[in-house]
Amino acid sequence: QVQLVKSGGGLVQPGGSLRLSCAASGSIFSIYAMGWYRQAPGKQRELVAVITSGGSANYTDSVKGRFTISRDNAKNTVYLQMNSLKPEDTGVYYCHAANVVSTKHRYLEVWGQGTLVTVSS
């Protein structure tokens, strides 16, 4: 069974930085895309950033220039470096993997558990 295990998150002051990481485990052959979604209080979940196995990255407009997504394909791990954090970045961040091929199964998508990021003074 494929699982996504996240680390990072927590409380940071406005203007600060945090780094999230998410490692996929479970006899994986390949993962097409890995990314991060977030859900702010009272709002719908939204895509923050996504990166393909080839390294093509996309970001939601509100984080462009502040967040950087990267990926280590050999480790099946995705990172999200968040700089110049703002209070509106507060929310629960979820790791996501799309089109995951393992030895036993092909998954259209896999979700990790959320991690809370709070940006507040």
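Visitor: Which residues does T90 touch, not counting residues up to four places away in sequence?
Guide: A contact here means heavy atoms within 4.5 Å. With residues up to four places away in sequence left out, T90 touches A40, P41, V117, T118 and V119.

Visitor: What kind of model is this, and how are its residues numbered?
Guide: This is a predicted model, in which local features need pLDDT of at least 70 and side-chain atom pairs count only at pLDDT 80 or more, while totals for chains, interfaces and linings use all residues. Side-chain values use heavy atoms, without hydrogens and water, and residues are numbered along each chain as its sequence is written, from 1.

Visitor: Is T90 buried or exposed?
Guide: T90 sits in the loop between β8 and β9; strands are DSSP runs of E with at least two residues, numbered from the N terminus. Buried means under 20% relative accessible area, exposed over 50% and partly exposed in between (1.4 Å probe, protein chains only). T90 has 18% relative accessibility, so it counts as buried.

Visitor: How far is the backbone nitrogen of V119 from a polar atom of the side chain of T90?
Guide: V119 is also among the residues that T90 touches. The distance from its backbone nitrogen to that side-chain polar atom is 2.9 Å.

Visitor: Which residues have the most contacts inside the largest nonpolar core?
Guide: A nonpolar core is a set of buried Ala, Val, Leu, Ile, Met, Phe, Trp, Tyr and Cys residues joined through side-chain atoms within 4.5 Å. The largest one has 29 residues, and the elements giving two or more residues to this core include β3, β4, β8 and β9. L80 touches W36 and Y93, among others. The residues with the most contacts inside the core are W36, L80, M82 and Y93.

Visitor: Which residue in β5 is the bridge partner of G35?
Guide: Strands pair if DSSP finds at least two bridges between them; β4 (residues 28-39) and β5 (residues 46-52) run antiparallel with six. These two form a hairpin with six residues between them, and G42 in the turn has a positive phi of about 75°. The partner of G35 in β5 is V50.

Visitor: How many residues apart in sequence are the parts that the disulfide ties together?
Guide: The search of the whole structure finds one disulfide (cysteine sulfur atoms within 2.5 Å), joining C22 to C95 with S to S 2.1 Å. C22 lies in β3 and C95 in β9, so the parts tied together are apart in sequence by 73 residues.

Key. Helices (H or I, at least four residues) and strands (E, at least two) are DSSP runs, numbered from the N terminus. A polar contact is a pair of N or O atoms within 3.5 Å; within protein, one must be able to donate a hydrogen and the other to accept it, and residues adjacent in sequence count only if both atoms are side-chain atoms.
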